[in-house]
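The following note sets out, point by point, what may be said of this model. Please read it alongside the sequence and the coordinates.

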Amino acid sequence: MTSFSFLFFGGCALAGSLLVALMPKLVHSAFALVLALVGVAGLYWTLGADFLGGVQLLVYVGGITILFIYGIMLTPKDATRWSLPALLLPGVIALVPIAVMLNMAWTGLEALFLPGTRDEPVPGTAAIGEAFLTRDQYLIPFELASLVLLAALVGSVYLARRRKEV
Amino acid sequence: MEPRLAAYFFVSAAMFLLGVFTMVSRRNAIYVLMGAELILNAAALNFVAFARFGQPAALGGSPIDGQMFAIFIVILAAAEAAVALGIVLQLFQHFPSIDVTKPDRLSD
């Protein structure tokens, strides 16, 4: 069962990433990004990270992609094509890891899966909540993260406003 | 049949690779940001996979440390996307396009 959901969501993540990289239109890439992010959320669930999968859906799929689509609507659609000389160097660089991964997939597909079942993962939402609010664990980073979010909120409003001509 | 750590590594490595490819092969700033999101997701997936399959207690950690790191990655990615898109909009007001190879000055 875990194997099936892993294959499904992993396929979603891989197909989505591939489409982000290869789609010729910006909006299509943005929607492919949704597919990839939902796939990653599903992979989190297969790893027993329930809360993190929910966070991924809420923040990434619900928030960041909307931001991207607004960004696409507010900017000109230029420079989305590949130019062949510009693609040459990244293509050559990408060949090496592609070869490594194809080799990995070719020789070791059966090594990727374990026969039988493992112990069930423990849902850790309550443990995450306690870790966030325990002082010798993650309390300080948690509070700092809210400061970072506040600074990013104010900063992005300041950056994105339309400047008056002077 | 259960997926092992290496199976998650495979997905994560492929996502990282495609993210890098997206970042370097396009010149539109929005594509570059999407590639960055793919890379961040690949890294977070690695953290969570290690937290599930590794032995964090043997190293003095707790089993949810990897998930906490991934949560902070999501938080910082949200902040990064908001600020970066603000910068892209500002770029578009000063230059006619958002081709990342075109801007060549910091002030007017």
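1. Chain B contains three helices and one strand, in the order β-α-α-α from the N terminus. Helices (H or I, at least four residues) and strands (E, at least two) are DSSP runs, numbered from the N terminus.

2. This is a predicted model, in which local features need pLDDT of at least 70 and side-chain atom pairs count only at pLDDT 80 or more, while totals for chains, interfaces and linings use all residues. Residues are numbered from 1 along each chain as its sequence is written, and chains are lettered from A and ligands numbered from 1 in the order in which they are written.

3. Chain B has a radius of gyration (over C-alpha atoms) of 18 Å, whereas a compact globule of 108 residues would have one near 13 Å; the globule rule is 2.2 Å times the number of residues to the power 0.38. Along the principal axes, its C-alpha atoms fill a box of roughly 55 × 25 × 20 Å.

4. At the interface, 72 residues of chain A are in contact with 58 residues of chain B, contact meaning C-beta atoms, placed from the backbone, within 7 Å. On the side of chain A that touches chain B, α3(A) supplies the largest share, twelve residues.

5. The mean pLDDT (the predictor's confidence in each residue, from 0 to 100) of chain A is 82, and 82% of its residues reach 70 or more. Within chain A, confidence is highest in α2(A), at a mean of 91, and lowest in β1(A), at 62.

How values were computed. Two residues are in contact if their C-beta atoms, placed from the backbone, lie within 7 Å.
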